[in-house]
Every structure is written in C-alpha cells, then in structure tokens.
Amino acid sequence: MSQIETRQLGDSGIEVPLLTFGGNVFGWTIDQSTSFSLLDALVDKGLWFIDTADVYSRWAPGNKGGESETIIGHWLKKSGKRDSIVLATKVGMEMSPEKTGLKPQYIRQAVEDSLRRLQTDYIDIYQAHRDDEGTPLAETLNAFDLLIKEGKVRAIGASNYSAARLQEALQTSEKEGLARYETLQPEYNLYDREGYEAELEKVVTEHGLGVINYYSLASGFLSGKYRSAADASKSARGQGVVEKYLNPRGLKILASLDEISQAHQVSPTQVALAWQIARPGITAPIVSATSLTQLDDLVGATQLKLTQAEIEQLANASS
C-alpha cells in the first residue's frame, strides 16, 4: 500500500489522505466491475477516503439513486476491506418526493437505507447534503448526535451550507451540547473561488473544520481537456464546461497551469490539485477518476510540492 500524507478531518480524530475520491462515478460513468478494480486500486495506492451520497446517481437515465452506495457495498462484502477505508456519505437531497430533507424521522430512515446498501454497520462521516431551512437545526443535529451515540456514525459534516447557516449550526451544537459538523463540503477550485473564500473560509478556519471541496477540477476544465469550443464534444458535460469556463479568465488560468506543469514535468490536473492541497484550511479536495491511468495522475498530485511563487502565480492568474 502506498504512503500518502494524511490530515485530520476537523476535530473528528479521523485521519484521511490528501485527496478524497468522489464516488459519484460508481454506477454512473463506470460499471460495477470497473468500480471494483478502481476501489481495489484506491486502497493499494493510498487514496482510501471515499465520498458518496444516497442520491448518487439518481440523475442518470434508468437509475433511482443508491447505485453508488450499492456498488461500494458489494465491493466491501467481496473484498472485506471495510477497515481499510474511510467512508463518507450524505443525506438530504431528494430521493423521492417523500424522501428528502433533514427531519429527524427521515434521517433515521435514510441512514438505515445507506447502511443496508453499503453493507456496513457504521459510516465514518455522515453529511447533510444540503441545508434544510424548514427543519430547526437543533432537531437535525440531535438526530445526528443520536446516531453517533448509537455507533452508526463516527462524525458528521455539512455540504452546501451558507456561512451564516454553518455558523448558526456550530453555535447550536455548542449551546445544546450536541455533536457538531466536523467537515464542510463546498464548491471550490482555481476558477470558482469566490463562494468559499468570501465567507465560508473564515468560519471553517475559526472553528477548525475539515474541508473536502467538490468540483475541484471545475468539471474537468482545469485538466486542460477543454481549450476550444470544438472540445465541447469531448464529454456529455462538455458543452456546459465550455460555456462556463472557456473565457479570457479561464484561458489565463490554463496558461499558468501549463507553465507550471511543464516546469515540474507533471499534468495540469496535478498542479490544480496541489494548489488546493497547499491552501490553508483545505483538508482533501474531492476528485474522481474512471480509469487506473487517471488514478495514477491523482496520486501524483499528492506528491507535488509547489513553490510559494507558483502558488501566488496561480492565485494571481485566477483572481
């Protein structure tokens, strides 16, 4: 098994490698047998922190949600590697009209469904997938707190919370003596910086939360895959990527990534991820792969150390 540096997630006592593997690909862009070989390789290569959600991948034609958890569960049963991984999943996005939100009775039902699909008796990090403003924070946090006391969950996290609501949730936990969110999962990458840096960063650093950010490669744009309008045809999401990112600012970021990646003889993907890993407050960016070659690229990102000048150059190019 490869050795990759680890960091602690908030005050949870849970150590994870420098990158989180995004399990949304399992049962969506890759089938079960490919997923199994990737999961085996993740453990072997030292990227054993896997993030999924109950709703993955409900959006794909013919899917109903739960596909990713189900594949991970089959792999855990077959491989016996539950103790070799840290497993995070989420609750709160709509599985069906009556299965949504963060009401205590629904959290209770959803966690049992996730545990059954994952074929495990505990979840390492159980996350609120998005804020549910219709349910008092104290009720949601009390439900999570009970799951921790019962040993079904080790720690809890929040995804897609505003800074104000995250702050309020942390204060509620403190006031009521309940378990607190130890992690935040926000959108963050070299292009999409404003949402996290403007307000959320201050809250997470002040409270010592772990940050596992999603879209860390801006839907693949920061890998350098999309450089002209014609590149939109390279993937199902290509058109949206080109429309959002292919502009003077996006091209300036790519030029900076190219220059630094050439200097280190590595890929732009590795540089984009190394920049985030070096950022104070970021614990382990979430990134996916669908092949073993892509996985090696990710491992390389954890070994790459950028100079302070390079970190500043990328920050300036993306400002």
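Predicted model: local features only at pLDDT ≥ 70, side-chain atom pairs only at ≥ 80, totals over all residues.
## Helix α3

Helix α3 covers residues 104–118. Its 15 residues should span 21 Å at 1.5 Å a residue, and the end C-alpha atoms are 21 Å apart, so the two values agree. After α3 comes glutamine 119, which has a positive phi near 55°.

Among the residues of α3, Tyr106, Ile107, Ala110, Val111, Asp113, Ser114, Leu115, Arg117 and Leu118 are buried. The elements that cover these buried residues include helices α2 (67–79) and α4, together with strands β5 (86–91), β6 (123–128) and β7 (153–159).

## Packing of α3 and α4

Helix α4 runs over residues 137–149, and α3 packs with it at an angle of about 35°. The axes of the two helices are 9 Å apart, and the crossing is right-handed.

On the α3 side, the contact is made by Pro104, Ile107, Arg108 and Val111. On the α4 side, the residues are Glu139, Thr140, Ala143, Phe144, Leu146 and Leu147. Seven residues of this contact are nonpolar, one is polar and two are charged.

## The nonpolar core

In soluble globular proteins, nonpolar side chains tend to be buried together. Here, the largest nonpolar core has 105 residues. Tyr126, Leu166 and Tyr181 have the most contacts inside this core.

Apart from neighbours within four places in sequence, tyrosine 126 is in contact with Thr89, Lys90, Val91, Ile107, Ala110, Val111, Phe144, Leu147, Val153, Ala155, Ile156 and Gly157. Of these, Ile107, Ala110 and Val111 are buried residues of α3, while Phe144 and Leu147 are in α4 and take part in its contact with α3.

Terms used:
Residues numbered from 1 in each chain as written. Heavy atoms only, no water. Axes fitted to C-alpha atoms, helices over the stretch in contact; angles between N-to-C directions. Helix = DSSP H or I, 4+ residues; strand = E, 2+ residues; numbered from the N terminus. Left-handed = near helix turned anticlockwise from the far one by under 90°. Contact = heavy atoms within 4.5 Å. Nonpolar A, V, L, I, M, F, W, Y, C, P; charged D, E, K, R; others polar. Core = buried A, V, L, I, M, F, W, Y, C linked by side-chain atoms within 4.5 Å. Buried < 20%, exposed > 50% of the residue type's maximum accessible area, 1.4 Å probe, protein only. Expected span 1.5 Å × (residues − 1).
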